[in-house]
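Subject: Structure handover

Hello,

Here is the structure for you to look over. My notes on it follow below.

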Amino acid sequence: MKKLLIALAALVVLASGVWIATGFDADPDERPRPEAPAEPDESEPEEDPAPSTAAAEILSHRARAVMDHDRGAFLASIDPKAKRFRKQQRKIFDRLTSLRFGRYELEVQTGDGDLARREHRRRYKSADEVFIPRVEETYRFKGYDDADFVSNLFFTFVLRDGEWLIAADNDLGKRNRTERNLWDYGPVKQTRGKNVTLIQHPCREAGCVEIGDSFMQLAETARRRIKQKWKGAWNGRVVVLLTSSRREVRRIIDADYAISNFAAFAYSPFLDTGYSPARIVVDRATLAASPPDFVEL
């Protein structure tokens, strides 16, 4: 993926005079005198990087921190004034690093420009500048995805004392809403099968039904049936997200229609290069109440 990091450099050339002595008999006052060394030009003050350049660098470090499991680096770019957001991001980091990613990257999309408006500058009036770009989050689950899954995020970057920081990811409301995933709603654990991986919230409340090996066996059986009939390109591996509520289902698939009549949803964001790898999203309560033959379908 192309990177937006821009390296700026300045080259200063100094000229010096050279004195060549032509003889010692000449009058000392008539001898050529060495030219005084040229005074070096004063260096131009370095300009602050463009907001998109600074944002790209921050996001590159943030993505690397996820892959390296470096919490300090991940949180270093968070605005200290955004205490609630920082607390939430600490939790997000722990949830992300509990999963096995083969790839995780964040990239600013400059074609959309700056989405910050007057209302956002008023909201962050103590900041020198405010910048809200569209950011693409791309990742692959190791061993299951053979292409990038892509989500759109909308981070608010603020400039304070010459430093760009991230202050929020939900300032644009519904018109440009950060896409949410399972780990935005609570801790997650990943169960890895041969061709199916299940990501779910661990049970922490009385009455919660833990979904385990029996579901994985059913999912493998259903996958084989689909694999026999599927004619399109597919590596035959499946990622299942098990939510704890229909509200989570609605936000993950970004549904604005009634979903109560559905037991599961398969969705895949469309990109210029084709569809992202599919995800199957299931509500835990619906799954627990469904017979095995219904689940296989």
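Strands β5 (residues 156-160) and β6 pair in the antiparallel sense, over 5 bridges. Two strands count as paired here if DSSP finds at least two bridges between them. Helices (H or I, at least four residues) and strands (E, at least two) are DSSP runs, numbered from the N terminus. R160 has E163 as its bridge partner in β6. The two strands form a hairpin with 2 residues between them. D161 sits in that turn and has a positive phi of about 50°. Strand β6 (residues 163-168) is mostly covered, with 5 of its 6 residues buried. Buried means under 20% relative accessible area, exposed means over 50%, and partly exposed lies in between (1.4 Å probe, protein chains only).

Before you read on: this is a predicted model, where local features need pLDDT of at least 70 and side-chain atom pairs count only at pLDDT 80 or more, while totals for chains, interfaces and linings use all residues. Residues are numbered from 1 along each chain as its sequence is written, and side-chain values use heavy atoms, with hydrogens and water left out.

The overall picture

The protein has 8 helices and 13 strands. Of its 297 residues, 40% are buried. It exposes about 18400 Å², and carbon and sulfur atoms supply 50% of that. Accessible areas come from the Shrake-Rupley method with a 1.4 Å probe; for residues, only the protein chains shown count as cover. Contact means heavy atoms within 4.5 Å. Among contacts between residues at least 6 apart in sequence, 63% join residues at least 24 apart.

Strand β8 (residues 196-200) pairs with strand β9 (residues 238-243) in the parallel sense, over 5 bridges. Within that pairing, I199 has L241 of β9 as its bridge partner.

R223 lies in helix α5. Is R223 buried or exposed? R223 counts as buried, because its relative accessible area is 12%. Leaving aside neighbours within four places in sequence, R223 is in contact with N195, V196, W234, G236 and V238.

Aromatic residues

Rings of Phe, Tyr and Trp (its six-membered ring) pair if their centres lie within 6.5 Å; planes under 30 degrees apart count as stacked, over 60 as edge-to-face and the rest as tilted. By this rule there are 14 aromatic pairs. The rings of Y139 and F141 have centres 5.4 Å apart and planes at 70°, so this pair is edge-to-face. Y139 also pairs with F149, and that pair is tilted, at 5.5 Å centre to centre and 45° between the planes. Y139 is in strand β3 (residues 134-141) and F149 is in strand β4 (residues 149-153), 10 residues apart. Y139 is buried, at 0% relative accessible area. F141 is buried at 1%, and F149 is buried at 1%. One aromatic cluster is formed by F101, Y104, Y139, F141, F149, W183 and Y267.

The cores

A nonpolar core is a set of buried Ala, Val, Leu, Ile, Met, Phe, Trp, Tyr and Cys residues joined through side-chain atoms within 4.5 Å. Which residues touch the most other members of the largest core? They are F141 and F157, in a core of 59 residues. Helix α1 (residues 51-68) gives this core its largest share, 8 residues. A second, separate core of 11 residues includes L198, F215, A219 and V238.

Best wishes
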